[in-house]
Amino acid sequence: MARFHELTVKEVRKTIRDAVVVTLEPTNGAAEDFDFTQGQYLTFRRDFDGEELRRSYSICAGKDDGILQVGIKRVDGGAFSTWANEDLKPGDTLEAMPPMGGFYTPLDPGAARQYLGFAGGSGITPVLSILKTTLEREPLSTFTLVYANKAVNSIMFREELEDLKNTYMGRFNVVHILESDAQEIDLFTGLVTEEKCAELFKGWIDIEHVDTAFICGPEPMMLGIAAALRSAGMDDSQIKFELFASAQPGRLKRKAESKGASATGNQASAAITLDGSTQTVTMGKDVTILDAALDNAMDAPFACKAGVCSTCRCRVLEGEVDMVANHALEDYEVEKGYVLSCQSFPVTDRVVVDFDQ
Ligand SMILES: Cc1cc2nc3c(=O)[nH]c(=O)nc-3n(C[C@H](O)[C@H](O)[C@H](O)COP(=O)(O)OP(=O)(O)OC[C@H]3O[C@@H](n4cnc5c(N)ncnc54)[C@H](O)[C@@H]3O)c2cc1C
Ligand code: FES
């Protein structure tokens with residue numbers, strides 16, 4: 001089971017005015033635990049005025065960079081991201097869980113594939129990790145990145161992307177779409193919408209031969225891009241998503257059933273396995289599996305509590321739960337019985353769940 005480890009901050013570098021790249025080093029022999037797959041993220045925890053916050057940040061380093069690095073963009077009024085941008089410094093210690101997430105596809109050194117990445121703002125971080133790793137480890141493959149930003153001065157990793165174009169000449173191409181800065185080509189100004197993608201697929205991107213597309217950015221942008229990819233003939237299995245937003249539409253909370261909430265019909269017995277041991281708890285059917293575990297002093301993993309990050313994933317072995325939001329699990333995982341425990345309420349009177357699988 002994933003647990004928090006201490007990481008030493010080695011470097012904090014500004015990439016643009018309101019974003020930092022943080023280089024981290026695992027301490028106390030935890031290096032192996034932080035051996036990541038391209039596109040994965042780390043979940044940090046920190047106390048802010050006595051309240052523990054957990055926030056996830058994607059690893060932006062490639063597998064062959066030999067470092068662990070995340071990119072954190074400051075969100076206006078955001079607690080963790082503002083602190084990281086203003087106060088975090090080399091020598092500090094951060095606590096993080098080992099890398100998690102499934103925003104990647106397996107690489108094959110002999111494959112000659114065409115990849116297409118879409119990133120919006122800070123959504124570049126996992127896509128950068130994926131594209132660097134892919135270009136290095138699949139020498140016959142190509143990668144096209146469509147990167148959306150407000151203006152030139154808000155492009156994270158701009159120089160690094162230019163350097164990659166030179167290093168992987170002919171195999172890596174980047175199209176910058178800027179919301180407010182006019183560009184020579186009209187199509188490259190404005191928002192990345194379904195219509196804009198359709199235009200890009202006409203003359204700029206050879207969509208018919210794309211094997212896999214990666215999308216990470218604001219949700220409306222992601223939905224528009226996915227619709228355009230589907231219209232262009234791509235199958236859902238070829239499209240990988242990573243959603244960053246913490247306030248999700250569809251983040252419904254079950255209405256608490258005030259009357260008779262403790263009556264037997266509104267209660268369930270949940271056998272919860274974590275770290276190899278099982279506790280059976282009695283819980284309300286208006287309580288999530290995650291909260292039931294935490295309420296019973298079980299140290300279940302979580303981060304966003306919004307159905308976005310998948311840190312809280314568990315597997316339902318018996319009984320039925322209602323998962324009210326899912327922005328993280330793939331269809332095949334759901335078919336195998338995996339659920340986001342922060343979004344799952346018991347439906348049957350008995351459920352058996354396992355966090356260790
Ligand atoms: C899998 C995953 C990967 C991610 N990777 C990255 C990454 O690589 N880089 C990156 O920059 N981000 C990433 N994120 C987003 C990141 O985790 C945080 O959500 C983001 O940094 C904001 O956190 P915060 O603590 O700064 O803001 P928060 O304090 O959570 O605030 C978020 C917003 O809510 C508003 N708000 C806060 N409290 C209130 C309130 N009481 N009432 C009304 N509004 C309020 C704030 O003003 C702000 O606009 C990722 C998210 C996920 C799920
Ligand atoms: S804690 Fe992020 S999906 Fe449940």
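This is a predicted model: local features need pLDDT of at least 70, side-chain atom pairs count only at pLDDT 80 or more; totals for chains, interfaces and linings use all residues.
Local features require pLDDT of at least 70 and side-chain atom pairs pLDDT 80 or more, whereas totals for chains, interfaces and linings use all residues. Side-chain values use heavy atoms, with hydrogens and water left out, residues are numbered from 1 along each chain as its sequence is written, and chains are lettered from A and ligands numbered from 1 in the order in which they are written.

The chain divides into domain 1 (5–96), domain 2 (114–245) and domain 3 (266–354), with bounds from an automatic or database domain assignment. Ligand 1 lies between domain 1 and domain 2, because both give residues to the shell around it.

Around ligand 1 there are 23 residues, of which Arg55, Ser56, Tyr57, Ser81 and Thr125 come nearest; a residue is near if one of its heavy atoms lies within 4 Å. Strand S4 (51–58) gives the largest share of this shell, four residues.

A polar side-chain atom of Arg55 sits 2.7 Å from an oxygen atom of ligand 1, while a polar backbone atom of Ser58 is 2.9 Å from a ligand oxygen.

Elsewhere, five strands form an open sheet with mixed pairing, in the order S13-S12-S18-S14-S16; strands pair if DSSP finds at least two bridges between them.

Conventions. Helices (H or I, at least four residues) and strands (E, at least two) are DSSP runs, numbered from the N terminus. A polar contact is a pair of N or O atoms within 3.5 Å; within protein, one must be able to donate a hydrogen and the other to accept it, and residues adjacent in sequence count only if both atoms are side-chain atoms.
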